[in-house]
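Hi there,

I'm handing over a structure for you to explore. Please open it and keep it beside you while you read.

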Amino acid sequence: MPVISYDLPERFVAGAVGRPGERAFYLQARSGRRVTSVGLEKFQVTLLAERLEELLDEVLRRSGGDAPVPAVTPSELRDDAPLDQPVEEEFRVGTMALAWDPEDQRVVIEAQEVTETEQDAEIGEDDPAIAVLRVRISPAQARAFAERALKVVAAGRPPCPLCGLPLDAEGHVCPRQNGYLG
């Protein structure tokens with residue numbers, strides 16, 4: 001499969017489909033009528049958002065505040081709309097990479113298709129059998145992506161007030177309900 005590239009897409013978001021506890025997570029990029037959705041795990045969404053925030057903060061710190069990196073998400077870039085429909089998964093994400101392109105002052109995100117021999121493949125490797133989604137976004141778009149991604153993850157099942165584990169609709173066996181609450 002080819003490298004699917006988006007350079008400054010109109011929209012790049014993380015989203016979820018389904019009920020809490022049964023949600024499927026996606027990265028979705030759109031430019032014009034072209035939409036690409038790739039599936040990934042909830043923890044991958046969280047890690048990508050957290051690493052994006054760290055990367056942006058580091059670029060801002062190293063530049064002494066001169067880099068075009070907003071400290072917070074610009075309000076006009078906030079995106080709470082649902083994923084574009086229909087959500088058709090191109091592939092499942094295995095490995096992800098994140099980089100700062102100082103020449104263009106853009107964030108580069110690569111999501112590589114999961115493979116059975118993932119430990120043998122390197123991200124960005126020119127293997128036509130492995131699909132890669134490569135998205136280049138502005139620092140402001142990256143802030144907006146990270147903010148939304150963390151909201152999407154947090155919108156899942158509410159945590160148990162005692163142990164912090166997710167509460168299931170079918171019931172919850174709390175490890176702290178052994179008579180000791182301290």
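Below is a short tour of what turned up, from the overall layout to the inside.

Please keep in mind that this is a predicted model. The protein chain has 182 residues, and 38% of them count as buried. You will find two helices and seven strands in it. Starting at the N terminus, the order of elements is β-β-β-β-α-β-β-β-α. Looking at contacts with a separation of 6 or more, 61% are between residues 24 or more positions apart.

Next, the inside. The largest nonpolar core has 34 residues, and the ones touching the most other members are F12, L27, L52, V107, L133 and F145. Helix α1, residues 42-62, gives this core its largest share, with seven residues.

Which residues is V107 in contact with, leaving aside its neighbours within four places in sequence? They are L52, L55, L56, L98, A99, W100, V135, R136, I137 and A142.

Finally, there is a cavity to look at. The search of the whole structure found one of 30 Å³ or more, and the volume of the largest cavity is about 50 Å³. Its lining is made of T73, L77, R78, D79, D80, A144, E147, R148 and K151. Sorted by class, that lining has six charged residues, two nonpolar and one polar.

Enjoy exploring, and write back with any questions!

Best wishes

Technical notes: Residues are numbered from 1 along each chain as its sequence is written. This is a predicted model: local features need pLDDT of at least 70, side-chain atom pairs count only at pLDDT 80 or more; totals for chains, interfaces and linings use all residues. Side-chain values use heavy atoms; hydrogens and water are left out. A nonpolar core is a set of buried Ala, Val, Leu, Ile, Met, Phe, Trp, Tyr and Cys residues joined through side-chain atoms within 4.5 Å. Buried means under 20% relative accessible area, exposed over 50%, partly exposed in between (1.4 Å probe, protein chains only). Helices (H or I, at least four residues) and strands (E, at least two) are DSSP runs, numbered from the N terminus. Contact means heavy atoms within 4.5 Å. On a 1 Å grid over the protein atoms alone, a cavity is a set of points where a 1.4 Å probe fits but cannot get out, and a pocket is an open set with protein on both sides within 12 Å along at least five of seven lines; lining residues have an atom within 4 Å of a point. Grid points are joined across faces, edges and corners, and a volume is the space filled by probe spheres set on the points. Ala, Val, Leu, Ile, Met, Phe, Trp, Tyr, Cys and Pro count as nonpolar, Asp, Glu, Lys and Arg as charged, and the others, Gly among them, as polar.
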